[in-house]
Amino acid sequence: MSNTENNKRIAKNTALLYLRLLFSMAISLYTSRVILSALGVEDFGIYNVVGGIVVMFGFLNNAMSASTQRFLTYEIGKGDYIQLNRIFSMSITIHALIAVIVLILSETGGLWLLNTQLNIPAARMEAANWVYQSSIFSFVITILYVPYNAIIIAHERMNVFAYISILEVVLKLFITILVLWLGFEKLKFYAVLVLIVTLIIGSIYTLYCNLKFDECRFHFSWDKKLFQNMSSFASWNLFGVFAGITYNQGVNLLLNVFFGPVVNAARGIAYQVMGAINGFVTNFQVAVNPPLTKSYAIGDHQYMNSLIFRASKYSYYLLFVLSLPVMLETDFILKLWLKIVPEYTVIFTQLVLIDVLISSLSGSLQSMAQASGNVKRYQLVVSGILLLNLPLSFILLKLGFAPQSTFIVSIIASLVALFARLIVLKIIVAFPVKNFIKTVLIRVVAVSIVGSIIPYYISTRFTNSALHFFLIVFISVISVICSVWLLGITQSEKIFLKVLFHKFTSSKIK
């Protein structure tokens with residue numbers, strides 16, 4: 001398949017995922033508001049921190065998920081469907097073992113952590129344990145359908161991925177409305193209903209793959225060599241996953257110990273805002289990853305590098321145009337969205353958006369390391385940097401710093417990790433770092449500075465109001481788009497966009 005066709009497919013898949021995201025985001029934001037109102041700040045914080053414990057014990061699954069995705073996509077790129085079936089069957093077996101391990105860890109160490117270490121009011125411990133058990137089984141189900149989800153993405157069936165995701169958020173909206181009507185133990189009931197939704201979605205993934213893909217016929221066998229290859233790859237990813245968990249959930253637990261569940265609620269809301277905005281970039285990256293891995297599999301490194309440059313740059317621009325008005329108008333947006341805005345939510349939201357902007361530049365770099373299969377040095381260096389986030393945050397909190405200090409540590413760690421990725425990739429795959437700095441980093445810095453000046457100036461000259469908010473959004477979007485056009489893209493990219501726009505308008509006229 002030609003690079004032009006690849007680019008068209010990426011654009012189509014990205015568009016499908018964006019439609020899915022817009023629908024999902026609208027429902028998710030409404031659902032978050034209703035759940036916060038129905039549960040209250042304390043129970044909402046409890047749900048976030050207790051669910052985070054289960055996520056921590058899913059480190060094996062997260063490492064193996066990346067390995068599964070890479071091996072499946074690589075074999076599709078090579079066209080070896082016999083080996084593809086072996087990999088899929090082995091993935092099912094491995095994920096079943098992981099599910100058992102997560103269950104054991106959660107029912108031992110996790111229970112101890114929940115009942116003896118967390119700062120949860122005694123009156124809510126029973127409800128917290130209900131949430132915990134429901135979260136465990138929801139996560140186990142998620143582990144078991146990872147290979148099915150991975151094969152859909154590897155085949156680039158983004159329409160199916162989008163439809164199932166939309167169904168999931170619709171079901172979650174339905175259960176949110178049910179919880180709102182209840183007059184008893186809403187937290188317990190909500191956790192159980194989330195478990196039921198997870199079971200339904202997992203069953204749909206499994207059924208679709210069994211009907212559509214021949215390689216999804218599971219045959220139990222134990223291929224020692226294949227297991228070693230996949231496990232070796234996953235073992236180094238495990239280090240990265242562990243760093244990611246401490247980077248996020250570890251700090252969440254620290255905030256609970258030092259400040260209690262109300263601060264966890266503020267952090268949970270901030271991450272929901274970040275998740276809604278970052279979803280646009282995540283969907284773009286999901287569409288880019290399969291052709292990136294396939295181009296590496298067939299040795300087309302020139303196309304792969306150009307894809308990485310464009311993916312990193314466009315991911316940042318897309319995130320920046322959405323984040324800028326939110327960062328400038330955080331207080332107004334949160335008050336409009338939520339009936340209750342917990343303390344620290346505004347500053348948490350602004351800082352986490354800065355963090356995710358920096359991290360957006362690294363998505364395609366990480367995918368390149370995964371595609372190469374040579375992840376040992378990459379994970380040792382990058383994950384080692386991210387692991388410092390937890391002890392540094394602990395030191396600052398112990399010294400009496402405010403909770404937002406943990407976000408500042410995360411921002412610094414993300415920035416250092418970005419440059420570490422570039423250095424390591426230059427060593428393991430001869431990545432053109434100088435070109436990346438010139439083509440991507442310098443341009444995004446210029447766009448960020450120039451694109452922010454006018455919106456920031458105007459935001460400081462008016463009081464919060466609906467008119468002011470819409471004015472800031474409009475000016476921010478125009479300012480960023482103009483900055484991207486003047487400073488953020490190359491001449492060849494401008495020509496390509498002009499041709500694309502001309503074709504689009506011509507088809508509309510006809």
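The side chains of Glu 168 and Lys 172 meet in a salt bridge, with N to O at 3.5 Å; the term requires a side-chain nitrogen of Lys or Arg within 4 Å of a carboxyl oxygen of Asp or Glu. The model is predicted: local features need pLDDT of at least 70, side-chain atom pairs count only at pLDDT 80 or more, and totals for chains, interfaces and linings use all residues. Residues are numbered from 1 along each chain as its sequence is written, and side-chain values use heavy atoms, without hydrogens and water.

Glu 168 and Lys 172 lie 4 residues apart in helix α6 (residues 158-181), so about one helical turn separates them. Helices are DSSP runs (H or I, at least four residues), numbered from the N terminus. Glu 168 is partly exposed, at 21% relative accessible area. Buried means under 20%, exposed over 50%, and partly exposed in between (1.4 Å probe, protein chains only). Lys 172, at 30%, is also partly exposed.

By this rule the count is 2 salt bridges. Asp 331 forms one with Lys 335, the closest N and O atoms being 3.2 Å apart. Asp 331 is partly exposed at 29%, whereas Lys 335 is exposed at 55%.

The largest nonpolar core has 73 residues. Such a core is a set of buried Ala, Val, Leu, Ile, Met, Phe, Trp, Tyr and Cys residues joined through side-chain atoms within 4.5 Å. Helix α10 (residues 301-328) gives the most to this core, with 14 residues. Phe 436 is among the residues with the most contacts inside the core.

Key:
Helix = DSSP H or I, 4+ residues; strand = E, 2+ residues; numbered from the N terminus.
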